[in-house]
Amino acid sequence: KHPRLTEHLIDFEKPAKWKTLVKGDVLFSALGTTLRKAGSKENQFRVDYTYQYELAKAAAANGIPDFVLVSSAGANPGSFIFYSKMKGELEEAVQQLKFRRVFIFRPSFLEGNRLEKRKTEKFLLILAKIITSVFFRKYKPIRARIVAQAMINAIFSGEREPGTAIYHPEELFYLATN
């Protein structure tokens, strides 16, 4: 709650009803789900790609100059992995919209408090911590609050040039502390 914050509960399936509400100086987009929770690849694509893209389109149409997207390490539109391909396609699509600046964050495993219990994710997070302590250190799990701080710091950095900045996993820790 904040006096300058207005919360709107929307139905992403009905953009005509909410697209005029998308206003401001920057749009932070971090919407996503898991395949398990979505129930199918089609449903996950709708949440992770379609909803975010429609939101980005509305922001660009309403003149929001800066767009910040939480994507994923390994995002690549040419990937054979569904999730990586979807995230890469979204990155490409939002870069084609009329934003002054686009910031893309590619964190590895996100860790943090969740409302629902995700036993498989918890196991994979522990496994990832063990593996990345020895190998693939740049992909070590990162707390969601560190990614959020990095996103804020990027927006308020001295960099004002138009274009796209992509931040890889190893850069997020540094950006969050500067």
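## Close-up views of a predicted model

View 1. Phe28, Ile152 and Phe156 together make a nonpolar surface patch of about 310 Å², where patches are made of residues with over 30% relative accessible area and no salt bridge, like charges being joined within 9 Å and nonpolar side chains (Val, Leu, Ile, Met, Phe, Trp, Tyr) within 5 Å. Accessible areas come from the Shrake-Rupley method with a 1.4 Å probe, and for residues only the protein chains shown count as cover. Ile152 belongs to helix α6, residues 144–155, and its relative accessibility of 37% makes it partly exposed; buried means under 20% relative accessible area, exposed over 50%, and partly exposed in between (1.4 Å probe, protein chains only). The model is predicted, so that local features need pLDDT of at least 70 and side-chain atom pairs count only at pLDDT 80 or more, whereas totals for chains, interfaces and linings use all residues. Residues are numbered from 1 along each chain as its sequence is written, and side-chain values use heavy atoms, with hydrogens and water left out.

**View 2. The whole chain, for orientation.** The protein holds seven helices and six strands, which follow one another from the N terminus in the order α-β-α-α-β-α-β-β-α-β-α-β-α; helices (H or I, at least four residues) and strands (E, at least two) are DSSP runs, numbered from the N terminus. Of its 178 residues, 37% count as buried, and the protein exposes about 11600 Å², of which carbon and sulfur atoms supply 57%. Among contacts (heavy atoms within 4.5 Å) between residues at least 6 apart in sequence, 73% join residues at least 24 apart.

View 3. The structure holds six aromatic pairs, counted where rings of Phe, Tyr and Trp (its six-membered ring) have centres within 6.5 Å, with planes under 30 degrees apart taken as stacked, over 60 as edge-to-face and the rest as tilted. In one of the pairs, the rings of Phe12 and Tyr51 have centres 4.9 Å apart and planes at 15°, so this pair is stacked. Because Phe12 lies in the segment before α1 (15–18) and Tyr51 in helix α3 (residues 41–61), the pair ties together parts that are 39 residues apart in sequence. Phe12 is partly exposed at 24% relative accessibility, whereas Tyr51 is buried at 14%. Phe12, Trp18 and Tyr51 form one aromatic cluster.

View 4. Gln52, placed in helix α3, is buried with a relative accessible area of 1%, and its side chain reaches the backbone oxygen of Asp48 at 2.8 Å. Leaving aside neighbours within four places in sequence, the residues in contact with Gln52 include Ser29, Ala30, Leu31, Val47 and Leu69. Ser29 lies in strand β1, residues 26–29, and is likewise buried, with a relative accessible area of 2%. Under that exclusion of sequence neighbours within four places, Ser29 is in contact with Gln52, Phe67, Val68, Leu69 and Val70.

**View 5. The salt bridge between Arg101 and Asp66.** A search of the whole structure finds eight salt bridges, each a side-chain nitrogen of Lys or Arg within 4 Å of a carboxyl oxygen of Asp or Glu. The side chains of Arg101 and Asp66 meet in a salt bridge at 2.8 Å, N to O, and this pair links distant parts of the chain, with Arg101 in strand β3 and Asp66 in strand β2, 35 residues apart. Arg101 is buried at 2% relative accessible area, and Asp66 is buried at 4%. A network of salt bridges links Asp66, Arg100 and Arg101.

View 6. Lys85 forms a salt bridge with Glu89, the closest N and O atoms being 3.4 Å apart; because Lys85 and Glu89 are four residues apart in helix α4, about one helical turn separates them. Lys85 is partly exposed at 33% relative accessibility, and Glu89 is partly exposed at 26%. The side chains of Arg106 and Glu91 meet in a salt bridge at 2.5 Å, N to O, a pair that links distant parts of the chain, with Arg106 in the loop between β3 and β4 (110–111) and Glu91 in helix α4, 15 residues apart. Both Arg106 and Glu91 are buried.

Definitions and conventions. A polar contact is a pair of N or O atoms within 3.5 Å; within protein, one must be able to donate a hydrogen and the other to accept it, and residues adjacent in sequence count only if both atoms are side-chain atoms.
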